Amino acid sequence: MPAWITHLGITRAALMNSLRTAVATVASLLLARSLKLPEFYWAPISTIVILLSTINPLTHAWQRFAGTAIGAALGALIATFFTINWMIYFAAIFICGILCALLRVSSAYRIAAIALSIVLLITHGRPPWIVATHRFIEVSLGIAIALLITAVWKVPQENV
């Protein structure tokens, strides 16, 4: 590594982590775009969330995967049968938390509530089940790329 980089305080671990994250996020972006996913940006965002998490990527990936599935499905179900207003949204967020607790995935509630909110609150112009399915695919793609990169490209942990 050049001396000027070391002089700036940039470690090999920081360089490798930045390179690994850039490769993984661009791979997620290109794959999601090639699949013509309508909101392709969720794939690289999910990759970043998993790769740069402070907890074990496998644990975080499972929480994000389960939360996205629960939130997207619940959001699609509610949007199919109800007109969304603040009362329905309140009930949806409440039910989402209870459902996560019942399914023993309380740690996924944060992500489930976010996915639910995206499905319910953003005008998409498509049926709720299509929106929910796309969200799940986009996020799952990002998670899969992050886990693949984590498995094949180890980065030293100091100063990451």
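The model is predicted, so local features need pLDDT of at least 70 and side-chain atom pairs count only at pLDDT 80 or more, while totals for chains, interfaces and linings use all residues. Residues are numbered from 1 along each chain as its sequence is written, and side-chain values use heavy atoms, with hydrogens and water left out.

To begin with the overall picture, the protein chain has 7 helices and 0 strands. Helices here are DSSP runs of H or I with at least four residues, strands are runs of E with at least two, and both are numbered from the N terminus. Reading along the sequence gives the pattern α-α-α-α-α-α-α. The C-alpha trace spans about 60 × 35 × 25 Å along its principal axes. Of the 160 residues in the chain, 40% are buried (under 20% relative accessible area, with exposed meaning over 50% and partly exposed in between, using a 1.4 Å probe and protein chains only). As for contacts (heavy atoms within 4.5 Å), 70% of those between residues at least 6 apart in sequence join residues at least 24 apart.

Next comes the pair α4 and α7. Two packed helices are described by the angle between their axes and the distance between the axes. Helix α4 covers residues 57–81, and its axis comes within 8 Å of that of α7, crossing at roughly 175°. The axes are lines fitted to C-alpha atoms, for helices over the stretch in contact, and the angles run from 0 to 180 degrees between N-to-C directions. The two helices are therefore roughly antiparallel to each other (angles over 145 degrees; under 35 counts as roughly parallel, 65 to 115 as roughly perpendicular and the rest as oblique). Sorted by class, this contact holds 17 nonpolar, 4 polar and 2 charged residues. Nonpolar covers Ala, Val, Leu, Ile, Met, Phe, Trp, Tyr, Cys and Pro, charged covers Asp, Glu, Lys and Arg, and the others, Gly among them, are polar.

Helix α3 is mostly covered, with 7 of its 10 residues buried. Those buried in α3 are W42, A43, P44, S46, T47, I50 and L51, and they pack against α2, α4, α6 (109–121) and α7. S28 counts as buried, at 0% relative accessibility. Leaving aside residues up to four places away in sequence, S28 touches A43, P44, T47, L141, G142 and I145.

Finally, the charged residues. Side chains of opposite charge can pair when their charged atoms come close. There are 2 salt bridges in the count (a side-chain nitrogen of Lys or Arg within 4 Å of a carboxyl oxygen of Asp or Glu). In one, E39 pairs with R135, with the closest N and O atoms 2.4 Å apart. E39 sits in the loop between α2 (12–34) and α3 (42–51) and R135 in helix α7 (residues 128–152), so this pair ties together parts that are 96 residues apart in sequence. R135 also forms a salt bridge with E138, again with the closest N and O atoms 2.4 Å apart. E138 and R135 both lie in helix α7, 3 residues apart, which is about one turn of the helix. E39 and R135 are both buried, R135 at 2% relative accessibility, and E138 is buried with a relative accessible area of 0%. Together, E39, R135 and E138 are linked in a network of salt bridges.
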